[in-house]
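Subject: Structure handover

Hi there,

Here is the structure I promised to pass on to you.

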Amino acid sequence: MNWPLFIFLILLLITGGSIFFYYRPKQQARTESIYTHALNAMVRGDTRTALSRLRDVVKQDTNHIDAYLQMGDILREEGNAEAAIKIHQSLTVRPNLSNEIKREIHKSLALDFEQANQLAKARREAELVLKLDKKNIWANKFLLTIFEQQREWDKATQMSKTIQRINQSQDPSQIARFLVYQGMDKHERGDHAEAITTFQKAVKIAP
């Protein structure tokens, strides 16, 4: 047996093990400590410090998805939707993401695109959240808001029914309100007979 080579390999394993068990955990602990400071700064409303700390986190750990998410959210809140979109979109190509993380990424993108007044893209991102979680109340409410902004009253009516079903609640007045809006649009287009029929449906739902 080549004893010098054997001893060298043993020493190499010991050194490698030492680096893994001592250096890496300390590095992870330091990264998480910085991330905690960033979250504390966010709670205080100190977004400048939070953003600086989050950048430090991703420099040390490029796989820290939560830090990237928070960075993008802060940039959006500061009015820089385009920068937020770039950060959040870069996360969509990451492999081996859990469904929970995917939902958070698409949720952030939906809010980014809404602020950038790109409602079609915002709607698409919210729909991707629903593909991952059909009963996601945030996504349903977000889409309801989009449908209202785009005056898609029929879809708003259906979405309102879905939300009430998920919440196991009833609010006939909200559904009737969307029917009234549908009727008003039909009236403006000169379709008076259909408008009257729609108004009558609204009355039946919420006398």
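What follows is a short tour, from the whole chain down to single residues.

A word on the ground rules first. This is a predicted model, so local features need pLDDT of at least 70 and side-chain atom pairs count only at pLDDT 80 or more, while totals for chains, interfaces and linings use all residues. Residues are numbered from 1 along each chain as its sequence is written, and side-chain values use heavy atoms, with hydrogens and water left out.

**The whole chain**

The secondary structure of the protein chain comes to 10 helices and 0 strands; helices (H or I, at least four residues) and strands (E, at least two) are DSSP runs, numbered from the N terminus. Of the 207 residues in the protein chain, 34% are buried. Here buried means under 20% relative accessible area, exposed means over 50%, and partly exposed is in between, with a 1.4 Å probe and protein chains only. The accessible surface of the protein chain is about 13,100 Å², and 54% of that belongs to carbon and sulfur atoms; the areas come from the Shrake-Rupley method with a 1.4 Å probe, and for residues only the protein chains shown count as cover. Among the contacts in the protein chain with a separation of 6 or more, 46% are between residues 24 or more positions apart. Contact means heavy atoms within 4.5 Å.

**The core**

In soluble globular proteins, nonpolar side chains tend to be buried together. The largest nonpolar core in this model has 42 residues, and Leu54 and Ile105 are those with the most contacts inside it. Such a core is a set of buried Ala, Val, Leu, Ile, Met, Phe, Trp, Tyr and Cys residues joined through side-chain atoms within 4.5 Å. The elements giving two or more residues to this core are helix 1 (3-44), helix 2 (47-60), helix 3 (65-77), helix 4 (81-91), helix 5, helix 6, helix 7 and helix 8. Helix 3 gives the most to this core, with 7 residues.

What does Leu54 touch, not counting residues up to four places away in sequence? Its partners are Tyr35, Ala38, Ala67, Gln70, Met71 and Ile74.

Ile105 is in helix 5 and is buried, with a relative accessible area of 1%. Leaving aside neighbours within four places in sequence, Ile105 is in contact with Leu69, His88, Leu91, Thr92 and Leu97.

Helix 5 has 17 residues and reaches 24 Å from its first C-alpha to its last, close to the 24 Å expected at 1.5 Å a residue. That expected span is 1.5 Å times one less than the number of residues. Besides Ile105, the buried residues of helix 5 include His106, Asp112 and Phe113. Their cover includes helix 3, helix 4, helix 6 and helix 7.

Helix 6 (residues 119-132) buries Leu119, Ala122, Arg123, Glu125, Ala126, Val129 and Leu130. Seen down the axis of helix 6, these buried residues fall within an arc of 160°, so they line one face of the helix; the arc is that of the directions from the helix axis to the C-beta atoms. On the other side of helix 6, Ala120 and Lys131 are exposed. What covers the buried residues of helix 6 includes helix 5 (99-115), helix 7 and helix 8.

Val129 counts as buried at 1% relative accessibility. Leaving aside neighbours within four places in sequence, Val129 is in contact with Arg103, His106, Lys107, Asn136, Trp138 and Ala139.

**Backbone points to check**

Most residues other than glycine have a negative phi.

- Asn117 follows helix 5, and its phi is positive, near 60°.
- Arg151 has a positive phi near 55°; Arg151 is in the loop between helix 7 (137-149) and helix 8 (153-167) and is partly exposed at 46%.
- Gln168 has a positive phi of about 55°; Gln168 is in the loop between helix 8 and helix 9 and is exposed, at 75% relative accessibility.

**A buried lysine**

Leaving aside neighbours within four places in sequence, Lys186 is in contact with Asp191, Glu194, Ala195 and Thr198.

Best wishes
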